[in-house]
Amino acid sequence: MKTAPRPALPTWMRPALAAWLIGLAFGALAQPAPASAPPAPVVVAQPPVVNSALNAPLFYQLLLGELNVRGGDPGAGYSLILDAARRQRDPALYRRAVEVALQARSGEAALSAARAWAQEAPADAEANRYVLQMLLALNRPAETAPVLKAILQAAGPDERNDIINAIPQTYARVQDKAQAAAVVREALEPSLKQPAQAAAAWTTVGRMALAQDQLPQALAAARQGHEADPASPYPALLALELLERGQADAEPLVRRQLLVSTSNSSDDIAVALAYARILMDLQRHGEARTQLEALTTRQPDQADPWLLLASLQVQDNALPAATESLQKYMSLARRSGDERAARGLTQAYLLMAQVAEKQKDFVAANAWLDRIENVDDIMAAQARRASLLARQGRMAEARALLRNQPERRPEDARLKLIAEAQLLRDFKDFEQAYQVYGEGVRSFPDDTDLLYDQAMMAEKADRLDEMERLLRRLIAAKPDHHHAYNALGYSLADRNLRLPEAKQLIEKAVSLAPGDAYIQDSLGWVEFRMGNAARALSILRAAYSKRPDAEIAAHLGEVLWSQGQRDQALLVWREGLLLSADNETLQGTLKRLQVTP
């Protein structure tokens with residue numbers, strides 16, 4: 001085989017190089033003789049010395065290769081090092097050749113070195129991983145199936161599922177998602193039929209479908225994985241992602257996994273914890289509490305469930321129970337001492353301050369807030385302090401506290417305005433909140449979120465024309481802002497104005513966000529206003545089934561009531577009150593209809 005040329009060293013460099021080589025070769029052995037006999041050393045058994053295959057010609061070749069790399073000629077250095085790797089069949093040298101090619105931004109050269117390595121050692125997982133990474137970096141996913149198969153075949157039984165679960169993230173940046181999914185499916189075909197890997201393999205197939213927004217196909221794959229191993233957490237975790245994206249049919253899979261699993265692995269705990277979080281997001285607080293109470297009983301030394309449980313208990317005004325849960329969480333978090341626990345402790349301090357605030361112990365509340373030192377959470381602490389002042393009738397001081405907060409980061413100016421507006425909103429000073437959001441819009445004219453919030457405050461402040469003006473401005477600036485279409489359409493429908501236009505706006509929102517239960521609620525409500533009670537009932541029932549919510553319950557109950565289904569209406573309204581007893585829409589509906597569920 002033809003070898004790479006060995007460039008000659010300049011004459012002036014040779015003495016220095018010789019001295020350096022001697023130092024490298026013998027420096028570690030040149031120990032000074034002791035001046036006097038030391039005490040007898042403790043004899044420690046040393047591993048046997050294994051000499052490398054490094055001889056003088058090889059050492060010289062590698063040295064020249066590295067000097068070329070450092071001297072600005074990585075191409076020559078790469079050739080010398082890769083030639084040495086092939087001669088010695090040494091994984092470390094192959095790895096170094098890949099690194100040199102990458103440093104030189106030569107993906108093709110890095111791929112060539114990685115492939116040479118993999119051909120030399122077909123069972124070497126690291127070599128195949130390098131080939132896979134290079135192919136994906138060069139956007140050549142169609143060539144990866146054999147490599148992925150080789151990686152899976154070389155993996156031990158204990159690590160194979162971990163590799164399978166990592167595949168979607170590995171292919172996440174591939175532009176052609178359909179091609180990536182096809183390649184992965186081909187590589188996983190043997191694993192789909194192996195009981196030990198089927199659950200993980202089907203889950204990965206599902207995640208590749210999810211990356212293409214193919215939700216039904218992802219759900220079908222999750223079900224296949226669950227059937228292969230009902231106790232496996234992998235399909236359940238995929239089902240939770242689907243549930244978050246509006247696929248209510250995924251929930252039974254999660255419930256079955258929680259019932260049959262007897263493991264307390266980190267993945268199983270992650271399923272229960274993520275399910276509780278989603279239930280909280282869906283405002284199904286009773287079910288979330290049941291999950292968290294079961295989890296804290298089964299795994300009392302897991303910190304996160306205690307913090308989530310405490311947040312629910314604070315919302316329910318179960319203050320002694322919340323305090324107990326928070327104390328348990330803080331004890332566990334302080335023991336772990338990692339950065340994540342530090343952030344969690346900040347949330348715990350904020351919740352403890354909220355408990356003290358509800359108990360009107362403002363001194364204790366401030367004492368808890370004093371414990372917060374993380375710069376990222378200072379604004380949250382100051383917002384809670386402002387709330388304490390406002391509860392004592394000192395709103396002007398509360399607003400001044402937020403206004404005078406130092407701006408340590410560029411985004412702090414915006415956060416201060418949002419905190420002040422939220423404070424005013426919480427205390428139902430909608431006009432002033434509208435003014436503060438307006439200040440934010442003037443300061444940050446490209447911030448569509450602030451513009452939307454100002455529009456919502458305009459409605460609360462009974463500035464309906466201004467709300468419409470702001471929402472239309474938002475739609476012009478961001479034509480895909482489904483919340484803006486929905487808010488404007490619902491506002492018109494709720495006031496029984498321009499109903500055809502309201503329906504058109506809401507249908508536009510539906511087209512942009514077809515899985516959003518709140519937008520479906522708006523559509524059902526405008527249908528009811530237009531006299532289409534049967535269609536309204538169908539839409540509202542589907543929305544309420546997807547996302548039980550007090551406002552949707554208010555609308556569904558009213559349609560049922562209007563159709564003479566009084567018992568059903570009362571049942572829905574009672575459920576709505578359990579979800580949120582102080583929901584303004586529900587309370588307004590009951591008052592208008594003079595109903596006490």
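Let's start at lysine 360, which is exposed, with a relative accessible area of 62%. (Exposed means over 50% relative accessible area, buried under 20%, and partly exposed in between, with a 1.4 Å probe and protein chains only.) Lysine 360 sits in the loop between H18 and H19; helices here are DSSP runs of H or I with at least four residues, numbered from the N terminus. Its phi is positive, about 60°, although lysine 360 is not a glycine.

Before going on, a word about what you're looking at. This is a predicted model, where local features need pLDDT of at least 70 and side-chain atom pairs count only at pLDDT 80 or more, while totals for chains, interfaces and linings use all residues. Residues are numbered from 1 along each chain as its sequence is written, and side-chain values use heavy atoms, with hydrogens and water left out.

Now step into helix H19 (residues 362-369), whose buried residues are Phe362, Ala365, Trp368 and Leu369. These residues lie on the same side of H19, because they cover an arc of only 120° around the axis. (The arc is taken from the directions from the helix axis to the C-beta atoms.) The background is simple: an α-helix has 3.6 residues a turn, so residues three or four places apart point the same way. And what covers that side of H19? The cover over its buried residues includes helix H17 (319-336), helix H18 (339-358) and helix H20 (378-391), with contact meaning heavy atoms within 4.5 Å.

Follow the chain on to glutamine 405, in the loop between helix H21 (395-403) and helix H22 (412-426). Setting aside neighbours within four places in sequence, glutamine 405 touches Ile378, Met379, Gln382 and Lys416. With glutamine 382 there is also a side-chain to side-chain polar contact at 2.9 Å. (A polar contact is a pair of N or O atoms within 3.5 Å; within protein, one must be able to donate a hydrogen and the other to accept it, and residues adjacent in sequence count only if both atoms are side-chain atoms.)

Arginine 105 has a positive phi of about 60° without being a glycine, and it is exposed at 79% relative accessible area.

Alanine 303 belongs to helix H16 (residues 303-315) and is buried, with a relative accessible area of 18%. Leaving out neighbours within four places in sequence, alanine 303 is in contact with Tyr329 and Leu332. The C-alpha atoms of alanine 303 and leucine 332 are 5.7 Å apart, although 29 residues separate the two along the chain.

Last stop: the second largest pocket, with about 430 Å³ of space. (A pocket is an open set of points on a 1 Å grid over the protein atoms alone, where a 1.4 Å probe fits, with protein on both sides within 12 Å along at least five of seven lines; lining residues have an atom within 4 Å of a point.) Its lining has 22 residues, with Glu244, Arg245, Gly246, Gly515 and Arg547 nearest the centre. Helices H12 (233-244), H14 (266-281), H28 (517-529) and H29 (533-546) each give two or more residues to that lining.

Methods. Grid points are joined across faces, edges and corners, and a volume is the space filled by probe spheres set on the points.
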